[in-house]
Amino acid sequence: MVNELSFNCEDAWLNLFVGGDLYPVQVKTLMNPATCGTYFRDVVKVSDAAIKVRGCHWETSPNHIKYRVDIDRDGVLFRHVLQYLRNGKLTSLPDDTFTLEALVAEADFFGIEKYREMLKKKLWKLTGKRQYYACYEDSD
């Protein structure tokens, strides 16, 4: 049952339910212009009157979670995505190529191009593979 949730300010909290894991997050984190991807721009609409979020509103919930956005992705990998949404280019990246490649797919899904570029730069530095070279710049 997907509804349109309505909030008065960007400081409001909602819960992202990703792959069975629950992530409480403020609306302003999802809409940060420096880190926001196309996925969250489609889910959250900001106007002068209110903030509308495409999600679920549960009148009764056993765990007292009333506002929730369900996302069918890997909950463990989403921890890294959320860290980027909160910290931007200051986000630490993992050192193993398997996780980095999986995160590139997550960045693609969420439409977070800057994060995708960061991940591919790290992959290029770790592997030297030509497929990651296109996003590498000597200034980094």
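Tutor: Axes here are lines fitted to C-alpha atoms, for helices over the stretch in contact, and angles run from 0 to 180 degrees between N-to-C directions. The model is predicted.

Student: At what angle do helix α3 and helix α5 pack?

Tutor: Helix α3 covers residues 75–87 and helix α5 covers residues 113–127. Their axes lie 11 Å apart. The packing angle is about 115°.

Student: How is α3 oriented relative to α5, roughly parallel or roughly perpendicular?

Tutor: The angle between the two helices is about 115°. Angles of 65 to 115 degrees count as roughly perpendicular. So α3 relative to α5 is roughly perpendicular.

Student: Is the crossing of α3 and α5 left-handed or right-handed?

Tutor: Take the two helices at their contact, where H80, V81 and Y84 belong to α3. The crossing of α3 and α5 is right-handed.

Student: Which residues in α5 do H80, V81 and Y84 meet?

Tutor: The residues of this contact divide into four nonpolar, one polar and one charged. On the α5 side, the partners are K114, Y115 and M118.

Student: Is F78 buried or exposed?

Tutor: F78 sits in helix α3. Beyond residues up to four places away in sequence, F78 touches L16, V18, Y23, F40 and F110. Its relative accessibility is 0%, and buried means under 20%. F78 therefore counts as buried.

Student: What distance separates the C-alpha atoms of F78 and G19?

Tutor: F78 and G19 are 59 residues apart along the chain. Their C-alpha atoms are separated by 8.7 Å.

Student: How many salt bridges does the structure hold?

Tutor: One of them joins the side chains of K122 and D95, at 2.7 Å from N to O. Another pairs D108 with R116. The structure holds six.

Student: Which residues are linked with R116 in a network of salt bridges?

Tutor: D108 and R116 have their closest N and O atoms 2.6 Å apart. R116 also meets E117, at 3.8 Å from N to O. D108 is partly exposed at 44%, and E117 is partly exposed at 24%. The residues linked with R116 in the network are D108, E113 and E117.

Key
Residues are numbered from 1 along each chain as its sequence is written. This is a predicted model: local features need pLDDT of at least 70, side-chain atom pairs count only at pLDDT 80 or more; totals for chains, interfaces and linings use all residues. Side-chain values use heavy atoms; hydrogens and water are left out. Helices (H or I, at least four residues) and strands (E, at least two) are DSSP runs, numbered from the N terminus. Angles under 35 degrees count as roughly parallel, over 145 as roughly antiparallel, 65 to 115 as roughly perpendicular and the rest as oblique. A crossing is left-handed if the near helix is turned anticlockwise from the far one by less than a right angle, and right-handed if clockwise. Contact means heavy atoms within 4.5 Å. Ala, Val, Leu, Ile, Met, Phe, Trp, Tyr, Cys and Pro count as nonpolar, Asp, Glu, Lys and Arg as charged, and the others, Gly among them, as polar. Buried means under 20% relative accessible area, exposed over 50%, partly exposed in between (1.4 Å probe, protein chains only). A salt bridge is a side-chain nitrogen of Lys or Arg within 4 Å of a carboxyl oxygen of Asp or Glu.
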